[in-house]
Amino acid sequence: MILLQSHSRFLLQTLLNRLHNLEKGVELDYHWVEFDDVRYHVQVSMKNPHLLLLSLSLPTPPPETDFPGGLPSGAIEAVKAAYAGVVQILDPPRDGFNLTLKLNFSKFPPDEERRQALLVKIASVREIVLGAPLRALLKHLTSKTISSDMDRLVALVHRPNESFFVIPQMEKVIVVFPMRFKDSIDTVLATSFLQEFVQARRTAGLNNAPPCLWSSSPPLELKKAPAEALLANAGFVSFVIFPRHVEGKKLDRTVSSLSTFHAYVSYHVKCSEGFMHTRMRRRVESLIQALDRAKPDVEKSKNLANNRSFKRLSLKEAHANSHS
């Protein structure tokens with residue numbers, strides 16, 4: 001299994017190409033959609049080749065989530081902290097988008113390594129925006145401070161009209177994902193995948209990984225959640241995050257893994273489905289080849305029939321052949 005990267009590969013490649021071709025003054029206008037219905041729009045005009053507008057449209061939030069001003073709580077502060085001095089937040093954003101950023105390439109650091117790190121961070125804008133409230137809750141574990149949401153069920157959006165839930169406690173944070181899939185085949189594959197995922201956590205080499213549980217019914221932590229949020233046809237996955245999982249640089253990795261968990265499962269489900277379809281096609285092709293080899297050669301049979309000759313035997317010759 002592979003982990004999905006936190007940044008958008010297409011966005012990163014677009015930014016790199018733009019940065020390397022600033023003098024050409026090429027106009028850009030790109031639209032695309034990635035996992036969990038996150039839409040991007042990149043626009044560059046020929047009049048200002050050093051400026052790039054990046055717009056982001058987030059999944060439609062369900063009613064139980066906190067989405068002030070069309071963005072998760074703490075998203076604006078997280079963007080300002082991540083892109084200070086390089087990115088300007090436009091207010092209001094472009095029509096049809098939740099966030100629009102103006103990038104000024106002339107303010108990028110001259111050092112190649114720092115510039116590359118900044119581009120990767122900009123390409124990770126989805127995680128920074130959607131993961132902002134989760135990051136804030138997990139930071140209380142590292143600082144060992146009491147969160148204002150202590151023991152309260154917090155709903156965070158991650159897919160259109162779908163949310164996952166976070167329950168912050170003093171020594172741990174519980175994260176619960178209701179897993180939903182539209183296709184019946186995807187549901188069966190995802191259920192099997194998640195059960196194996198929980199079993200793999202029990203191997204000796206993963207003792208330090210967050211404890212993981214799967215159940216077909218909602219866990220007790222979701223007893224206060226609205227009924228519409230508990231319609232999960234592939235069960236519920238729970239992770240228990242302890243302070244050791246968010247120490248130092250582990251915080252970024254934990255936030256990224258949790259923010260993209262449903263997309264991670266969907267990716268591997270689609271890969272499994274594609275692999276099985278490939279195996280089925282190869283099997284059908286081998287059976288067709290076996291049937292083709294079993295077919296009689298019609299032309300050869302006709303030639304043999306045409307080359308045969310018959311001789312009428314007399315009664316005496318027939319009687320002699322029968323005794324020979």
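Mentor: Contact here means heavy atoms within 4.5 Å. The model is predicted, so local features need pLDDT of at least 70 and side-chain atom pairs pLDDT 80 or more, while totals for chains, interfaces and linings use all residues. Residues are numbered from 1 along each chain as its sequence is written, and side-chain values use heavy atoms, with hydrogens and water left out.

Trainee: Which residues does Ser 124 touch, not counting those up to four places away in sequence?

Mentor: Ser 6, His 7 and Tyr 83 are its contacts on that count.

Trainee: And why is Ser 124 called buried?

Mentor: Buried means under 20% relative accessible area, exposed over 50%, and partly exposed in between (1.4 Å probe, protein chains only). Ser 124 has 7%, so it is buried.

Trainee: What makes Cys 271 partly exposed?

Mentor: Its relative accessibility is 38%, so Cys 271 counts as partly exposed. Cys 212, by contrast, has 7% and is therefore buried.

Trainee: What makes S4 and S5 a pair?

Mentor: Two strands pair if DSSP finds at least two bridges between them. Strands (E, at least two residues) and helices (H or I, at least four) are DSSP runs, numbered from the N terminus. S4 and S5 (residues 99-104) have three bridges, in the antiparallel sense. In S5, Leu 101 is the bridge partner of Ile 89.

Trainee: Why are strands S1 (28-34) and S4 (87-89) said to stand at the edges?

Mentor: The open sheet runs S1-S2-S3-S5-S4. S1 and S4 each have a single partner strand, so one side of each is left without a neighbour in the sheet.
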